[in-house]
Amino acid sequence: MSKDVIIACDFNSKADLMAFLENFKEERPFLKIGMELFYAEGPAIVKEIKARGHKIFLDLKLHDIPNTVKKAMSVLSDLDVDLSNVHASGTIAMMEGALEGFTKKDGSRGLLIAVTQLTSTSEERMQNDLLIHKSLEETVMHYAKNTKIAGLDGVVCSPWEAKKVKEVCGEEFLTITPGVRFADGDAGDQVRIATPAKARELGSDYIVVGRPITQAKDPVAAYRRCLTEFLGGNA
Ligand SMILES: O=C(O)c1cc(=O)[nH]c(=O)n1[C@@H]1O[C@H](COP(=O)(O)O)[C@@H](O)[C@H]1O
């Protein structure tokens, strides 16, 4: 898969999603379906969007005992999404279970990645709230290494950790980075943020962008701005 912008479709109904997608007459963006939309509309929404020709990142961030995650991922594997995720903090055994469940009998599967530390988490909150007495970078690298050991394809991290993840886990190991904001944008609840251009400079493979596009007055223009900044001359 080549570098791309993934739009986080954090809507609570199919109607809102469809109204948003109506804006896109020329492009077929890579879309992320997360908990909000999936809990509201169920697996049918994934099938419908897929049938319209969009690539899909199904972001349900599973985190449970290995057996439960394995079985849940096995159910999700039937949706044939391009990309899905779990939490790396669920342990290596849990990620191995996830991978096993996500792999079909014929050996085929979508890409599977793990969330290291949420981009809304600062080093201070990680140390105080989660009692992880390491630097944020060390923690993200530790989770990235665990993710690689478990055989997954990459991690979710902030753009600021992408370069180091590649140094530690290899150039082929994917970095999917939310926490993206335009230079003149509002951070909202995100903490470890970077612009699309910075994410490109730092080596992200995919940027995940929600509100800067979905809440924009002109979502198509905002999407194109992301593509241009992130892909540079290749947009
Ligand atoms: O796994 C994710 O997609 C994710 C991980 C993370 O660390 N931070 C993060 O923001 N996300 C998701 O990325 C999207 C970011 O949305 P905006 O903050 O609106 O751009 C949301 O749908 C989050 O659920």
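This note goes through a predicted model, from the whole chain to the ligand and then to one residue.

1. Overall build. The secondary structure of the chain comes to eleven helices and eight strands, and its C-alpha atoms fill a box of roughly 45 × 40 × 30 Å along the principal axes. For 235 residues a compact globule would have a radius of gyration near 18 Å, and the 17 Å of the chain agrees with this.

2. Packing. Of the 235 residues, 40% count as buried. Among contacts in the chain with a separation of 6 or more, 66% are between residues 24 or more positions apart.

3. According to an unreviewed UniProt entry, residues 4–226 carry the annotation "domain: Orotidine 5'-phosphate decarboxylase". This span is 43% helix and 17% strand, and its end C-alpha atoms lie 10 Å apart.

4. Ligand shell. The ligand is surrounded by 19 residues, of which A8, T119, P178, G210 and R211 are the closest. By class, eight residues of the shell are nonpolar, seven are polar and four are charged. At least two residues of the shell come from each of β3 (56–62), β8 (206–209) and α10 (211–214).

5. A loop residue, F182. This residue sits in the loop between β7 (174–177) and α9 (196–201). F182 counts as partly exposed because 17 other C-beta atoms lie within 10 Å, whereas a buried residue would need 20 or more and an exposed one 12 or fewer. Leaving aside residues up to four places away in sequence, F182 touches T195, P212 and R225. The C-alpha atoms of F182 and D153 are separated by 28 Å, and these two residues are 29 residues apart along the chain.

How values were computed
Residues numbered from 1 in each chain as written. Predicted model: local features only at pLDDT ≥ 70, side-chain atom pairs only at ≥ 80, totals over all residues. Near = placed C-beta within 6 Å. Helix = DSSP H or I, 4+ residues; strand = E, 2+ residues; numbered from the N terminus. Nonpolar A, V, L, I, M, F, W, Y, C, P; charged D, E, K, R; others polar. UniProt positions renumbered as here; feature names shortened; annotations may be inferred. Contact = placed C-beta atoms within 7 Å. Rg over C-alpha atoms; globule rule 2.2 N^0.38 Å.
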